[in-house]
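Welcome! Take a look at the sequence and the model below, and then read on for a short tour.

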Amino acid sequence: MTEPCAPSWREWGQGHVHEGTGPYGREGVTAMRRDTRPGAAAPAATPTARPRRAAAGSAADEPPLPDPAQVDPDVLLSLLARHGWCRRGRTEGRYSHWTPPDDREPATSVLVPADRSFEDSTDLLEEALGALSRSAVPSAQAILAALLVPGDEIHWRRDTPGVGGAVPWAAEAELRAAATEMLTAAAKAGRSRAAYFGARFDSYAAAFLERVLVVAPGTGAGLLTAYTPAPDDRPAAKTLVRALGAMRDAVDFQRATGRADAFDDGVLHGVSRELVASVVRLVRGSEGVGIALAWSPAVGVPQGFGDRQLLEFTPGDLPALEAAAERLERIEPPVDVELTGAVVRLKRQQPSGSGTVRLRVLSGAEVDEVRIRLDEAAYRAAVEAHLAGAPVRLRGRLERKGGFRRLSEPAGLVPVELDAAERERMLKTLRAGEAAGG
């Protein structure tokens, strides 16, 4: 008996969205195959790279293959099903036979053992990986990439008018820029909820992006695939799924009723002005976009989520999204803080009177730097602290305007005495900030 092929997760949702019990009524079409029996072995370690045997005339810089001795058959089976490969023959047995979707390569097939208990399991996995590496089917390379790169897979699809399948250079640049903004917003919302972040948590989000890996999708222009670390950075991925679902629901509600307050409620699920702006950037100039996420099969599906998530937005959503971005920035209140920082810039127009200083924040606020307008007495105190190499402490309100980089209503500025160890830590912090471009 031949098992019908499920649609590829990249093709899933083309023109339709499955409704179910996942977050905001959307869940994946196929549940992950996983052994939940008592005493079942834990998933194998992340596959290590194995140098690819170079064939005659092949490029020397071909990517390596996963080590078949480290590949978990369950993970490979999940990836084959995710990308629409077809299971042939019996549904139960020691091995399963798989072929590419839509009979694109009739001569290509892979044989995957049910588990690693069989003597020839490693040999079969090596042959399967070799067959995938030789296949011209785009999903074959995506499967190999997913085996090599650990993490949750996020896929962006941006339908842009072009010629012969090619799109303008600027359209690809917009895709990457929007994806970067989206991941940054998700990382910040995974740490804390806010309608508008501005510069807050910039360092945290930058460190998250350093851990994200990008692979070539191999399926044409207007596509981008990235892997976020799992399970370590799952909060960002889960927040992204919840927030995009809440945003989709809020857009539908606004278009149906004219009310935008659903976006306010979406903040609790991770919606922010930055996330909305990233979707606006993704959609503008396109004919529609899709953001899909598939959880790492090696780690498993987090509780309360479907195996695959897909959200789509169209140009018709732009008016609601643009209005929501302005609204979310407007409703975020200023933040009262007491911060400690090192004076790194001083400026005033006259030899006396008030002036402006810039502080490298050491504690008290989740921003890297703030600008402050000080009266003459406070400005002189800041100058003295700068000359002495000492930080200052003061109270104030982080203002929304300027992205929470300004401190208004400053009060109580005093130098902070440091011992030798604290001074060394402060100098390291300042050097790190300068190296990062501050």
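## The chain as a whole

The protein chain has 11 helices and 15 strands, which are DSSP runs numbered from the N terminus (helices: H or I, at least four residues; strands: E, at least two). This is a predicted model, where local features need pLDDT of at least 70, side-chain atom pairs count only at pLDDT 80 or more, and totals for chains, interfaces and linings use all residues. Residues are numbered from 1 along each chain as its sequence is written, and side-chain values use heavy atoms, leaving out hydrogens and water.

Of the 438 residues in the protein chain, 47% are buried (under 20% relative accessible area, with a 1.4 Å probe and protein chains only).

Helix H6 (residues 234-257) packs against helix H8 (residues 273-283) at an angle of about 70 degrees, and their axes are 11 Å apart. That makes H6 roughly perpendicular to H8 (65 to 115 degrees). Leu 240, Ala 243, Leu 244 and Met 247 of H6 make the contact with Leu 275, Val 276 and Val 279 of H8; contact means heavy atoms within 4.5 Å.

## A buried lysine

Now look at Lys 188, in helix H4 (residues 169-191). Lys 188 counts as buried because its relative accessibility is 3%. A polar atom of the Lys 188 side chain lies 2.9 Å from the backbone oxygen of Gly 198. Leaving aside neighbours within four places in sequence, Lys 188 is in contact with residues including Phe 197, Gly 198, Arg 200 and Asp 202.

How values were computed. Axes are lines fitted to C-alpha atoms, for helices over the stretch in contact, and angles run from 0 to 180 degrees between N-to-C directions. Angles under 35 degrees count as roughly parallel, over 145 as roughly antiparallel, 65 to 115 as roughly perpendicular and the rest as oblique. Buried means under 20% relative accessible area, exposed over 50%, partly exposed in between (1.4 Å probe, protein chains only). A polar contact is a pair of N or O atoms within 3.5 Å; within protein, one must be able to donate a hydrogen and the other to accept it, and residues adjacent in sequence count only if both atoms are side-chain atoms.
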